[in-house]
There are 2 protein chains.
Amino acid sequence: MDRELVAALFERLRDGDRTALARSITLVESTLEGDREHAAELIARCLPHSGNSLRLGITGIPGVGKSTFINAFGLALLAAGHRPAILAVDPSSTRSGGSILGDKTRMQDLSAHPEVFIRPSPTGGELGGLARRTRESMLLCEAAGFDRILLETVGTGQSELEVDLMTDLVILLAIPGAGDELQGVKRGIMEIADFIAVNKADQVDAAVLERTMGDLRNAVHLLPSRSGRTAKVVPCSSITATGIDELLKLVETTAAEELASGVQEERRRSRSVSLLRRDLTRELFRLITGKRSIKEALDVHEAKVRSGEEDPFQASQAMITLIRKGV
Amino acid sequence: MDRELVAALFERLRDGDRTALARSITLVESTLEGDREHAAELIARCLPHSGNSLRLGITGIPGVGKSTFINAFGLALLAAGHRPAILAVDPSSTRSGGSILGDKTRMQDLSAHPEVFIRPSPTGGELGGLARRTRESMLLCEAAGFDRILLETVGTGQSELEVDLMTDLVILLAIPGAGDELQGVKRGIMEIADFIAVNKADQVDAAVLERTMGDLRNAVHLLPSRSGRTAKVVPCSSITATGIDELLKLVETTAAEELASGVQEERRRSRSVSLLRRDLTRELFRLITGKRSIKEALDVHEAKVRSGEEDPFQASQAMITLIRKGV
């Protein structure tokens, strides 16, 4: 790809062309050395046109009904005149049911709609899934005119941090039932939720639903929310679309308040130095392990550490010595 | 310091000499280039003698009574024939009341005891406190014969991850009262707790204590514990030493079970590759920003990112370009 092609891609992307957007994200995610400069140029072009969306995290364990919820929520966004883009944060390997692509049947209303962009989840990626350039993809979606970005995640491991760094508001999906059924919610994720939507509310007794909501309200009352507010717990059903409009209204009202008061801007800014450091450390790591000899040595040391043969400290020292010599 | 001095330091450390241990930790924490090789050698010598302790995280917000609790818990450990070492994870700047050193009055029984090692909290540190080599300090303590390592932390920000990566079991201290008073507990920390000790149990009505414990049991029931168990909620008083022996017994029984079943070893091993990657990225970052020109450029870009003048992506790109040129 040369500079002219990047310029052409950018023009089409700015026109809201979803194929161009998909190609752009592929370019940005590429680890090929030759693509990196072009990706950087494309992002630089998009930056002045980015930032004008509401960035929403949608999280919940597999089986909670995220795809069906996103389908219903996305339709509600469309009805309200928005253009939603859906990006998956986690590598598909961590999911039970495969990538969003596989879930497209559960998002069929949405995926057929011309005003919606859906990006399937990445197929793995180095650094335990950390390599996905979700934030840059988000900037591209914004430049393409998508004004509601939904970051879908199963909320495991690193993705909690990603969601916290990249979103304005977070919706956690839960299912009604005994408390034990919530055990699957991974550590930390409940505490970054601004809203907890108890999904599949139509499928259980009113008493079970009430108890679940009561339990959740109890729990969030004890936990701090990242916004300083207590998370709101609401019932919904993606199938019958019950409660979806109410939730959307709640989300939009909160977002509008935070936009007006400057809280949104403040939150984004407070995350920005962390984002820089995270990006820089990741790029440094990539730069260094781009050398085959370094990468091979790292593989050997990681295997030794995993088997208990070597302490992480020893392995790190050996790697640094190697890098100092090689650099 | 030369090699002979390192050898002498190691010998004294192995004899359990607390002054030698303190000097060793200072050496390991040193950012002076000349100290790094010696530090690495000292740690390498200590490694074969490390790992034989129970690594306990003690966490809770300022004001919850951590120092007084550690004083009482440490005395109970001594009575049971153990040698406790206490290390603070967080930089003192994040604490309300100053470093452990300042808290020594609240640990006076402990700090006067010849079988106890107390390391004051670090005085800041680069990378937002991440620079402290807590894990290496822990290895030194183990080599010096301390068999119960208490990592004290206020449970904010990165320290949750540190505690999760480095400990076998975690005790979270809470105070009795309304749920709102627990709001200070930072995100994620409740979910890595194996035990929640409701401190100052002697200072409130039985009804208030019961309600707090009920609320906490409710909350932990809804959250996953990292061990797959639900955290145990127990009352205690550091002043009257009520409940301390019972808590210690609970902790020791759990630890013994996990040691026998291999769960402890498995947990430590599963964290080890993360520890290597974390250490390596940190060292790489330090290696690169060790160049004055790089460090100055980073400061400039961070300021721009903080003020919103530059996007983190742009800043990262600019830094990488600079580093590629410089390397």
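A crossing of two helices is called right-handed if the near helix is turned clockwise from the far one by less than a right angle, and left-handed if anticlockwise. The structure is a predicted model in which local features need pLDDT of at least 70 and side-chain atom pairs count only at pLDDT 80 or more, while totals for chains, interfaces and linings use all residues. Residues are numbered from 1 along each chain as its sequence is written, chains are lettered from A and ligands numbered from 1 in the order in which they are written, and side-chain values use heavy atoms, with hydrogens and water left out.

Helix H11 (residues 263–289) of chain A packs with helix H12 (residues 292–306) of chain B at an angle of about 145°, and their axes are 8 Å apart. Helices (H or I, at least four residues) are DSSP runs numbered from the N terminus; axes are lines fitted to C-alpha atoms over the stretch in contact, and angles run from 0 to 180 degrees between N-to-C directions. The crossing of H11(A) and H12(B) is right-handed. In this contact (heavy atoms within 4.5 Å), residues of H11(A) including A:Arg269, A:Val273 and A:Leu280 meet residues of H12(B), among them B:Leu298, B:Glu302 and B:Arg306.

Within chain A, helix H10 (residues 244–261) and H11(A) have axes that come within 4 Å and cross at roughly 80°. H10(A) and H11(A) are therefore roughly perpendicular to each other, a term that covers angles of 65 to 115 degrees. A:Glu258, A:Leu259 and A:Ser261 of H10(A) make the contact with A:Val263, A:Gln264 and A:Arg267 of H11(A).

Helix H2 (residues 18–29) and helix H3 (residues 33–46) of chain A cross at roughly 125°, with axes that come within 8 Å. That angle makes H2(A) oblique to H3(A); the crossing is left-handed. From H2(A), A:Ser24, A:Leu27 and A:Val28 meet A:Asp35, A:His38, A:Ala39, A:Leu42 and A:Ile43 of H3(A).

The second largest pocket has 31 lining residues, and the closest to its centre are A:Asp311, B:Arg55, B:Arg135, B:Glu265 and B:Arg268. H11(B) gives the most to this lining, with eight residues. Helix H13 (312–326) of chain A is also one of the helices that each supply at least two residues of the lining.

How values were computed
Angles under 35 degrees count as roughly parallel, over 145 as roughly antiparallel, 65 to 115 as roughly perpendicular and the rest as oblique. On a 1 Å grid over the protein atoms alone, a cavity is a set of points where a 1.4 Å probe fits but cannot get out, and a pocket is an open set with protein on both sides within 12 Å along at least five of seven lines; lining residues have an atom within 4 Å of a point.
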